[in-house]
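Please look over the sequence and the model that follow.

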Amino acid sequence: MGLLEDLQNRSGNTCELCGSTENLQVYEVPPVSTGGMDGSLLGCSLCIGQIENPDTTDANHWRCMNDSMWSEHDAVKVVAWRMLNRLKSEGWPQDLLDMMYLEDETLEWAKATGEGEEESEKIIHRDVNGNILENGDSVVLVKDLKVKGSSMVAKQGTAVRRISLDHENAEYIEGKVDGQQIVIITKYVKKI
Ligand SMILES: [Zn+2]
């Protein structure tokens, strides 16, 4: 049997999201590396169309999450979580999200597409030139910096390797200078 037949059997030939019996197709939940039965669901064209085109999302259609978020299948739960996150500003989806429970591994999968993260909420660290900094990058100091709480001065031109980002503040990174872990302000570094 193929994947479609397997999913038809699993779902009783209904959309696993909204229960519709029309225009059913296989939806491989991205990232599709999971694939197969566990990584896919049977969805109707209305659900899948809205998942794939956020602009066409009709919040009321997704009230069906009330039921499908309790599915025993991770692929269904992951999509429910993503759609509820997409719609959480409506209020009721946030209430459902609060009730939802995903195993760590499943939650990681749900978050893999970045759904639910608003651009404004993402903390992005940038160096003096506006280049994006990431954990593990190396930077060089563009001015002498007094190290807080010590008499040490980190000299301009000092390279700091394998920085780590402060996840709560876009202005701070941490790195080792002369063997000492210090906090550095992003506008005083340049990525190398
Ligand atoms: Zn559907």
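Asp178 counts as exposed because its relative accessibility is 72%, where exposed means over 50% relative accessible area, buried under 20% and partly exposed in between, computed with a 1.4 Å probe on protein chains only. This residue is found in the loop between strand 8 (172-177) and strand 9, and Asp178 has a positive phi of about 50 degrees although it is not a glycine. Helices (H or I, at least four residues) and strands (E, at least two) are DSSP runs, numbered from the N terminus. The model is predicted, so that local features need pLDDT of at least 70 and side-chain atom pairs count only at pLDDT 80 or more, while totals for chains, interfaces and linings use all residues. Residues are numbered from 1 along each chain as its sequence is written, and side-chain values use heavy atoms, with hydrogens and water left out.

A positive phi, of about 60 degrees, is also found at Asn13, which is not a glycine. Asn13 lies in the loop between helix 1 and strand 1, and its relative accessibility of 39% makes it partly exposed. A cis peptide bond, with omega about -15 degrees, joins Pro30 and Pro31, and Pro31 belongs to the loop between strand 1 and strand 2. As background, most residues other than glycine have a negative phi, and most peptide bonds are trans.

## Buried charged residues

Glu16 lies in the loop between helix 1 (3-11) and strand 1 (24-28), and with a relative accessible area of 13% this residue is buried. Its side chain is joined to that of Arg10 by a polar contact of 2.9 Å; a polar contact is a pair of N or O atoms within 3.5 Å, where, within protein, one must be able to donate a hydrogen and the other to accept it, and residues adjacent in sequence count only if both atoms are side-chain atoms. When residues up to four places away in sequence are not counted, Glu16 touches Leu7, Arg10, Ser11, Leu41, Leu42, Ser68, His73 and Val76, contact meaning heavy atoms within 4.5 Å.

Lys77 lies in helix 4 (residues 74-86) and counts as buried, at 17% relative accessibility. Leaving aside neighbours within four places in sequence, Lys77 is in contact with Met69, Ser71, Met100 and Leu102.

## The nonpolar cores

The largest nonpolar core has 30 residues, of which Leu17, Val29, Trp62, Met65, Val79, Leu84 and Met100 touch the most other members. Strand 2 (40-44), helix 2 (45-52), helix 4, helix 5 (92-99) and helix 6 (104-111) each supply at least two residues of this core, and the largest share, eight residues, comes from helix 4. A nonpolar core is a set of buried Ala, Val, Leu, Ile, Met, Phe, Trp, Tyr and Cys residues joined through side-chain atoms within 4.5 Å.

Leu84, setting aside its neighbours within four places in sequence, is in contact with Met65, Met69, Trp92, Pro93, Leu96, Leu97 and Met100. Apart from this core lies another, of 15 residues, among them Val147, Val160, Ile163 and Ile182. Gln94, in helix 5, is partly exposed with a relative accessible area of 30%, and the C-alpha atoms of Gln94 and Leu84 are 6.8 Å apart in space, with the two residues 10 apart in sequence.

## A buried histidine

His125 has its place in the loop between helix 6 and strand 3 (139-141), and at 2% relative accessibility it counts as buried. The side chain of His125 reaches the backbone oxygen of Asp166 at 2.9 Å. Not counting residues up to four places away in sequence, His125 touches residues including Asn131, Leu133, Leu165, Asn169, Tyr172 and Thr186. His125 and Gly12 are 113 residues apart along the chain, and their C-alpha atoms are separated by 48 Å.

## The largest pocket

The largest pocket has a volume of about 290 Å³, and the residues that line it include Leu145, Lys146, Tyr172, Gln180 and Tyr188. Strand 4 (145-146) and strand 9 (180-185) each supply at least two residues of the lining, and the largest share, six residues, comes from strand 9. On a 1 Å grid over the protein atoms alone, a pocket is an open set of points where a 1.4 Å probe fits, with protein on both sides within 12 Å along at least five of seven lines, and lining residues have an atom within 4 Å of a point. Grid points are joined across faces, edges and corners, and the volume is the space filled by probe spheres set on the points.
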